[in-house]
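Subject: Structure handover

Hello,

I am passing this structure on to you. Please open it first, then read my notes below.

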Amino acid sequence: DHVQVGDVLSLRAPSGQFYLTPGKDPVVLIAGGIGITPLLSMLQSIQQNSPHREVFLFYGSRDFNDVMQLGHFLAIAQKNSAVTFKICLSNLTPLTLQAGLYEWPGIEKYLVQERISLSLLRQFLPFKPLDFYICGPSALMESLVPDLESWGVPANKIHFEAFGPASVKRSIATSYSSSTEEKNLEPSLATQAVGQTQFIGLKSGKQLLWESHHSNILDLLESHGIVVNSACRDGICGTCQTKVLAGEVVYEQTPDYCPDAGSCLVCVGRPKANTSVVLDIK
């Protein structure tokens, strides 16, 4: 509506940590609503490069009217026996069901009249190593990711990207919370390690013990009930950007979002080895 010939647009290359990893293990693609968008690309990539790789696609929606590219998905599932496709409709009325059956003959084979959940997945998934890729709204992400971990799926086999205000907590980050110590120390200790001890200090003077099992600073803060604005939890959106008052924060991988000078992303950041950090958090 507004771009004119000659206007200059700021663009960037595709980025982020949510992408399909090549391999032979079966892939489970789980989408809620418009979260199907990146998973559609993953499915296309598999069909083009590894058509015999087993795929389980669960597409959650309210009814037929909200399902994107339904004909395309059905064509793939009907053509390739390695693809298991399930449409999970949470608000299916007799009228929409009748219309769907009329427009898409044989669709009942792919239809599930319930929301996506761990109990639903267990009905269709084989007992073998699986790679999970999940994208959807907060209600789906915040329940399904922890449920998969509790089911025994290794954390490195669960890949996800949330849209909206979803805040997904990994169980590995909270399972040690009962042994995490909280101390009030002198400010002079904030930027140096005491022996091998590291702390994340707060503006209030409180310092939280940092241990190697913590995934990132955000997980440590949340284990103490400290709320920090966050969204992607993957260093992409910048919502969790926090000013560093002392010390140095490092990253295992360079985040896609470049924080302001003197600030860090707590969702992917960790204190530099043998040092402690003070953050502008009360």
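Start at L89. Leaving out neighbours within four places in sequence, L89 is in contact with S61, R62, D63, F64, V67, L111, V112, Q113 and E114. Contact here means heavy atoms within 4.5 Å. L89 lies in strand 3. Strands (E, at least two residues) and helices (H or I, at least four) are DSSP runs, numbered from the N terminus. L89 is buried, at 1% relative accessible area. Buried means under 20% relative accessible area, exposed means over 50%, and partly exposed lies in between (1.4 Å probe, protein chains only).

Some ground rules. This is a predicted model, in which local features need pLDDT of at least 70 and side-chain atom pairs count only at pLDDT 80 or more, while totals for chains, interfaces and linings use all residues. Residues are numbered from 1 along each chain as its sequence is written, and side-chain values use heavy atoms, with hydrogens and water left out.

**Confidence**

pLDDT is the predictor's confidence in each residue, from 0 to 100. The protein chain has a mean pLDDT of 83, and 85% of its residues reach 70 or more. Among the elements, strand 1 has the highest mean, 96. Strand 7 (residues 182–184) has the lowest, 39. Over residues 172–195 the pLDDT is below 50. That stretch still has 41 contacts in the model beyond near neighbours in sequence.

**Overall make-up**

The protein chain has 7 helices and 14 strands. Of its 282 residues, 45% are buried. Take the contacts between residues at least 6 apart in sequence: 66% of them join residues at least 24 apart.

**The cores**

A nonpolar core is a set of buried Ala, Val, Leu, Ile, Met, Phe, Trp, Tyr and Cys residues joined through side-chain atoms within 4.5 Å. The largest one has 31 residues. Within it, L29, L39, L70, F73, F85, I87 and Y133 touch the most other members. Strand 1 (27–32), helix 1 (36–49), strand 2 (55–61), helix 2 (70–79), strand 3 (83–89) and strand 5 (131–136) each supply at least two residues of this core. Helix 1 gives the largest share, 6 residues.

Setting aside neighbours within four places in sequence, F85 is in contact with L57, Y59, L70, F73, L74, A77 and Y110.

**Salt bridges**

Side chains of opposite charge can pair when their charged atoms come close. A salt bridge is a side-chain nitrogen of Lys or Arg within 4 Å of a carboxyl oxygen of Asp or Glu. The whole structure holds 8 of them.

- D131 and R53 meet at 3.7 Å, N to O. D131 is in strand 5, and R53 is in the loop between helix 1 and strand 2, 78 residues apart. D131 is buried at 9% relative accessible area, and R53 is buried at 6%.
- D280 and K203 pair with their closest N and O atoms 3.4 Å apart. D280 is in the segment after strand 14 (277–279), and K203 is in the loop between strand 8 (198–202) and strand 9 (206–210), 77 residues apart. D280 is partly exposed at 32%, whereas K203 is exposed at 51%.
- E222 and R233 meet at 2.9 Å, N to O. E222 is in helix 7 (residues 217–223), and R233 is in the loop between helix 7 and strand 10 (241–246), 11 residues apart. E222 is buried at 18%, and R233 is buried at 14%.

There is also a network of salt bridges that links D25, R53, D131 and K157.

**A buried arginine**

R270 sits in strand 13 (residues 269–271). R270 is buried yet has no salt bridge. Its nearest side chain of opposite charge is E252, 4.4 Å away. For charge, Lys and Arg count as positive and Asp and Glu as negative, while His and the chain ends are not counted. The R270 side chain reaches the backbone oxygen of S215 at 3.3 Å. Not counting residues up to four places away in sequence, R270 touches W210, S212, H214, S215, N216, I217, E248, V249, V250 and E252.

Best wishes

Conventions: Polar contact = N/O pair within 3.5 Å; in protein donor to acceptor, adjacent residues only side chain to side chain.
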